Amino acid sequence: GTDGLPPDDAVNVDLSMVGNPHHGVTLQIRRWDGRIQSAQTYYCKGDSQRLQEFVRSLHGTLLSVGLFVPFPLAWKAIIEFMETDGELPKSIEWIEGRDLPASVFPDP
């Protein structure tokens, strides 16, 4: 119901994904609510024991292995995201970015 508003005032939801042939897919959902000027970022929750292990994306970005899920689970969540008009999929577990230690996102 906010699609007629300027982007900074609307509610916008973005889904980002990065695949890795050995670890699966990492998903990130960022929701910006312009009505209250607030952003929330969620990451799919993989193996929390591996949060301090990293792989590089093709762009050179370090990504936490602990935030990857298997391809079939990621695909199910992507379909659910699209079918529910950008709601946080319930088919996989999520963790809010602010609940993750800063070390999970090292400087490039």
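**Notes on the predicted model**

1. Of the 108 residues in the chain, 36% are buried. The model is a predicted one, and the points that follow should be read as computed from it.

2. Overall dimensions. The radius of gyration is 15 Å, which agrees with the value near 13 Å that a compact globule of 108 residues would have. Taken along the principal axes, the C-alpha atoms fill a box of roughly 40 × 30 × 25 Å.

3. Surface. The chain has an accessible surface of about 7000 Å². Carbon and sulfur atoms account for 52% of that area.

4. Secondary structure. There are six strands and one helix in the chain. Read from the N terminus, the order is β-β-β-β-β-α-β, with α1 covering 71–83 and β6 covering 94–96.

5. Contact range. Taking the contacts between residues at least 6 apart in sequence, 50% join residues that are at least 24 apart.

6. Largest pocket. What volume does the largest pocket have? About 480 Å³ of space lies in it. Its lining consists of 26 residues, and those closest to the pocket centre are V18, T26, S57, T61 and L63.

7. Source of the lining. Four strands each supply at least two residues of the lining of the largest pocket: β1 (11–20), β2 (24–33), β4 (54–56) and β5 (62–64). The largest share comes from β1, with five residues.

8. By residue class, the lining of the largest pocket holds 15 nonpolar, nine polar and two charged residues.

9. Backbone at Q37. This residue is not a glycine, yet its phi is positive, at about 55 degrees. Q37 sits in the loop between β2 and β3 (38–44).

10. Backbone at D85. A positive phi also occurs at D85, near 60 degrees, again in a residue other than glycine. D85 belongs to the loop between α1 and β6. With a relative accessible area of 73%, D85 is exposed, the cut-off for that class being over 50%.

Conventions: Residues numbered from 1 in each chain as written. Predicted model: local features only at pLDDT ≥ 70, side-chain atom pairs only at ≥ 80, totals over all residues. Heavy atoms only, no water. 1 Å grid on protein atoms, 1.4 Å probe; cavity = no way out; pocket = protein on both sides within 12 Å on 5 of 7 lines; lining within 4 Å. Points joined across faces, edges and corners; volume = space filled by probe spheres on them. Nonpolar A, V, L, I, M, F, W, Y, C, P; charged D, E, K, R; others polar. Rg over C-alpha atoms; globule rule 2.2 N^0.38 Å. Buried < 20%, exposed > 50% of the residue type's maximum accessible area, 1.4 Å probe, protein only. Contact = heavy atoms within 4.5 Å. Areas by Shrake-Rupley, 256 points an atom, 1.4 Å probe, with all protein chains shown as cover.
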